[in-house]
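Here's a quick tour of one protein model, with a look at a few helices and some charged pairs. Keep the 3D view open while you read.

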Amino acid sequence: MPDAGGQRGYKECKAEILVGDCVAEMAALPAGSVDLVFADPPYNLQLGGELLRPNHSRVDGVEEDWDRFDGFADYDRFTRAWLEAARRLLKPDGALWVIGSYHNIYRVGSQLQDLGFWILNDIVWRKSNPMPNFRGRRFTNAHETLLWCARSAEARYTFNYEAMKALNEELQMRSDWLIPLCSGPERLKRDGKKAHPTQKPEALLHRILLASTKPGDLVLDPFFGTGTTGAVAKRLNRGFIGIERDADYAALARQRIAAIEPVPAESTLLPAKREEPRIPFGTLVERGLLKPGTVLFDASRRFTAKVRADGTLIAAEARGSIHRVGAEVQGAPACNGWVFWHFLDRGRPVAIDVLRQKVRAEMGTAH
């Protein structure tokens, strides 16, 4: 697909929609070529009869042929086939997300583990606007479950922790996500009705791709539907391959994705702290930002330690690095000395991490 936006910093990524059976199409792709798989497979809902509202109007459910299987054994064979194909395509450090309801996610999870995937998290997508249980015989189904898996227990994988924390107002992102169902203008319609019964909200895919991919990564969606994964991938400067067996859904996806404009590449991901240059505490002493003999203290001013010329600290009963001394004076197993120790700056207590960030900023400017 061409660059629709022409923005500064945008690099065109792979964008391909294949029409056909997902297992057959995946078999034709090269092994170890995909960074992430996001899968929204058929639910195998096992619904009996029509679902009616209290006013006897009919509820639109999932009635398409693609959600019909001849029992659990048939569904399990299908699940194993597409999971094996997906695992072959993943790079050694690749990962997989799969979403499902209580009808299928436990069967999928068992197959994942049997094939050697390593489950990193189960995420509860809590819907802020779920469909009520009109029969009143069960609890309202207000969530779906996502499984996030590495290719193996030993595999390295991408997790943009700082981006998730920033997305959550500087709080560590939890495993329960409150996101509305797809509705309003985002919901694709055909002849006034839902174009697809299980279209996922773009907000959900935005969080997934931001958390577990990097700009330029290639994302495979073997159950592409109307293209939510592709739309978000293109916007975030990720490549994608979508596989969809329904030609009408694929046509809607192409039309939808063609209208997406990628954001500038420098806006798509916050740098991770682990990628920032390492600054030893001794650097602050060498550069004169903290002089030998300076007294450091904790936020409550309960503990103190003096800076030594070699970048270590000395306290009444401990000496060593800022982390070791911080831990020992507290009797704690570990301590982040950068945020524990403070110094006086014009009469105000300031964490020594401020000086580290100052050095990093200067290094970045020089670079």
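Is arginine 174 buried or exposed? Arginine 174 is exposed, because its relative accessible area is 56%, over the 50% cut-off. Bear in mind that this is a predicted model.

**Salt bridges**
- The count of salt bridges comes to 14.
- One of them joins arginine 174 to aspartate 176, with 2.8 Å between the closest N and O atoms. Aspartate 176 is partly exposed, at 33% relative accessibility.
- Another pairs the side chains of aspartate 74 and arginine 77, at 3.9 Å from N to O. Both sit in helix α2 (residues 72-89), three residues apart, or about one turn of the helix.
- Aspartate 74 is partly exposed at 22%, while arginine 77 counts as exposed at 57%.
- Glu202, Arg235 and Arg256 are tied together in a salt-bridge network.

**Helix α5**
- Helix α5 (residues 202-212) is largely enclosed by the rest of the structure, because nine of its 11 residues are buried.
- Among the buried ones are Leu204, Leu205, Ile208 and also Glu202, a member of that salt-bridge network.

**Helix α9**
- Ile322, Val325, Gly326 and Ala327 are the buried residues of helix α9 (residues 322-330).
- They pack against several elements, including α8 (281-286), β12 (304-307) and α10 (337-340).
- Arginine 324 and glutamate 328 form a salt bridge here, 3.0 Å from N to O. They are about one helical turn apart because four residues separate them along α9.
- Glutamate 328 is partly exposed, at 40%.
- After α9 comes glycine 331, with a positive phi near 70°.

Note on methods:
Residues numbered from 1 in each chain as written. Predicted model: local features only at pLDDT ≥ 70, side-chain atom pairs only at ≥ 80, totals over all residues. Heavy atoms only, no water. Buried < 20%, exposed > 50% of the residue type's maximum accessible area, 1.4 Å probe, protein only. Helix = DSSP H or I, 4+ residues; strand = E, 2+ residues; numbered from the N terminus. Contact = heavy atoms within 4.5 Å. Salt bridge = Lys/Arg side-chain N within 4 Å of Asp/Glu carboxyl O.
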